[in-house]
Amino acid sequence: DEQGPVNGQFTLTRTGDSSVPLTVNYTISGTATAGADYTALPGSVTFLAGATSTNVAVTVNDDATAELTETVTLTLTSGPGYGIGTIAATVSILDNETPEISFSTVATNRLLESYAPSKVTLQLARRGLRTPPLTVNLSAAGTATRGVDFNCPASVTLAANAATTNIILTPVNDQSYEGDEIAAISVAAGAGYNLGATNTAYALVVDDEVPRGGTLFSDDFTADTSPAWKV
């Protein structure tokens, strides 16, 4: 955890002859970046003579970047004088910055006005501190109108320790021809969080009415206009 910080730790154990020192090799992977999120690890650890366990510490760096929970995975590799049992383990690094809220995707999905079960799901992601619940405000813009052309909540709550939550958009089936319209949903300012770079997502509200036909001919029959008629 960056809060503290609280370092992570891998514990390696050996069975069999423990009377001599033993150097064990490993590789490191995961979503965390060595040197930025934690102190780079050397790639090997040595059991002292007589020791049946040893530790590899993951020293956490408390940076100033809001991030998702990141991982450090230690995978044992072969070497002289030992075999491998359980091959890998993972430490997670929790972030402690003010949460940053953004949309996971901004691809434009279709919301069908004429189909009641139609819905569009937009996912919000929280980077940074995620231990408390967090209410995020939402605004709506675009050519479609919230409450008239589609329904969407004015806010959504991320549960404690949740990194993501979903926003559901549903259509409103009116009887007016408007053509297809765009609903733009944005993360609005609120308490306890900052806006991420990707803070707007879109949905296309597909109209089911047809446009009124153009007038081809009009006559009020108050006079004889037959000379002007053409077939």
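1. **Ground rules.** This is a predicted model, with local features needing pLDDT of at least 70, side-chain atom pairs counting only at pLDDT 80 or more, and totals for chains, interfaces and linings using all residues. Residues are numbered from 1 along each chain as its sequence is written, and side-chain values use heavy atoms, with hydrogens and water left out.

2. **Overall build.** The protein chain has 16 strands and zero helices; these are DSSP runs numbered from the N terminus, E of at least two residues for strands, H or I of at least four for helices. Along the principal axes, the C-alpha atoms fill a box of roughly 120 × 40 × 30 Å. Buried residues come to 35% of the 231, buried being under 20% relative accessible area (1.4 Å probe, protein chains only).

3. Strand 11 pairs with strand 13 (residues 164-171) in the antiparallel sense over two bridges, and Asn 151 sits opposite Thr 170 of strand 13.

4. **Strand 1.** In strand 1 (residues 8-13), Gly 8, Phe 10 and Leu 12 make up the covered face, while Gln 9, Thr 11 and Thr 13 make up the uncovered one. Side chains alternate between the two faces of the sheet in a regular strand. Strand 1 has an antiparallel pairing with strand 4 (residues 53-58) over six bridges, where Leu 12 has Thr 54 as its bridge partner.

5. **The largest pocket.** Its volume is about 450 Å³, meaning the space filled by probe spheres set on the grid points, which are joined across faces, edges and corners. A pocket here is an open set of points on a 1 Å grid over the protein atoms alone, where a 1.4 Å probe fits, with protein on both sides within 12 Å along at least five of seven lines; lining residues have an atom within 4 Å of a point. Of the 22 lining residues, Thr 13, Arg 14, Leu 76, Gly 83 and Gly 85 are the closest to the centre. Strand 1 gives the most to the lining, with four residues.

Notes. Pairing = 2+ DSSP bridges. Buried < 20%, exposed > 50% of the residue type's maximum accessible area, 1.4 Å probe, protein only.
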